[in-house]
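Please keep the structure in view while reading.

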Amino acid sequence: ATHGVQNPRVPLASAILFAAPAGPGGDASLRATDLLGLRLPGNLVVLSACRTAGGRAVGGDGTVGLVRSLLTSGAGTVVASAWPVEDKATQRLMTAFHRALAAGGNPDEALRQAMVAAAAANTHPFFWAPFQVFGR
């Protein structure tokens with residue numbers, strides 16, 4: 001588990017935070033600007049931390065933030081959250097999502113199946129609705 005930090009004023013400073021800083025003055029974050037320097041050959045990146053889908057609309061460029069940086073760096077599809085998420089509910093949702101993927105589903109369908117299962121279990125939409133699929 002990790003934490004996402006959205007910076008609406010400087011969207012490329014939005015970051016994924018990891019455990020603890022690596023040594024004195026170390027930084028345990030991965031910023032949107034850091035992601036731009038990567039070449040990601042993967043088809044799917046899942047950001048299940050809080051507020052990872054946000055950013056700032058930049059005229060003519062769309063929304064700039066973590067998702068945009070990942071797509072620019074080569075990720076084919078990104079799953080990210082629009083608002084804060086709760087740990088246990090997100091764990092259940094992501095487990096169902098990955099099971100549906102493993103059964104041969106594409107990310108859109110796998111996320112839909114996980115959300116339908118959460119809704120059928122009478123889980124409030126706050127706990128499963130923040131996730132979106134971006135990209136292909």
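Two strands are taken to pair if DSSP finds at least two bridges between them. The model discussed here is predicted, and in it an open sheet of three strands has the order 4-7-8, with mixed pairing. A search of the whole structure also finds two aromatic pairs, and these ring pairs link Trp83, Phe126 and Phe127 into a cluster.

**The sheet**

- Strand 4 (44–46) and strand 8 are the edge strands of this sheet, since each of them pairs on one side only.
- Neighbouring strands of the sheet are turned against each other by 20° on average, when direction is ignored.
- Strand 7 and strand 8 run antiparallel and are joined by five bridges; Val78 has Phe134 of strand 8 standing opposite.

**Helices on the sheet**

- Helix 3 lies across strand 4, strand 7 and strand 8, and the direction in which helix 3 runs is at about 165° to strand 4.
- Helix 4 packs on the sheet as well, touching strand 4, strand 7 and strand 8, and the direction of helix 4 makes about 175° with that of strand 8.

**The aromatic cluster**

- A pair of aromatic rings is described by the distance of the centres and the angle of the planes.
- The rings of Trp83 and Phe126 have centres 6.3 Å apart and planes at 20°, and because planes under 30 degrees apart count as stacked, this pair is stacked.

**Accessibility of the cluster residues**

- Partly exposed is the class between buried, which means under 20% relative accessible area, and exposed, which means over 50%.
- Trp83, with a relative accessible area of 30%, is therefore partly exposed.
- Phe126 counts as partly exposed at 38% relative accessibility, and Phe127 likewise counts as partly exposed at 29%.

Definitions and conventions
Residues are numbered from 1 along each chain as its sequence is written. This is a predicted model: local features need pLDDT of at least 70, side-chain atom pairs count only at pLDDT 80 or more; totals for chains, interfaces and linings use all residues. Side-chain values use heavy atoms; hydrogens and water are left out. Rings of Phe, Tyr and Trp (its six-membered ring) pair if their centres lie within 6.5 Å; planes under 30 degrees apart count as stacked, over 60 as edge-to-face and the rest as tilted. Buried means under 20% relative accessible area, exposed over 50%, partly exposed in between (1.4 Å probe, protein chains only). Helices (H or I, at least four residues) and strands (E, at least two) are DSSP runs, numbered from the N terminus. Axes are lines fitted to C-alpha atoms, for helices over the stretch in contact, and angles run from 0 to 180 degrees between N-to-C directions. Contact means heavy atoms within 4.5 Å.
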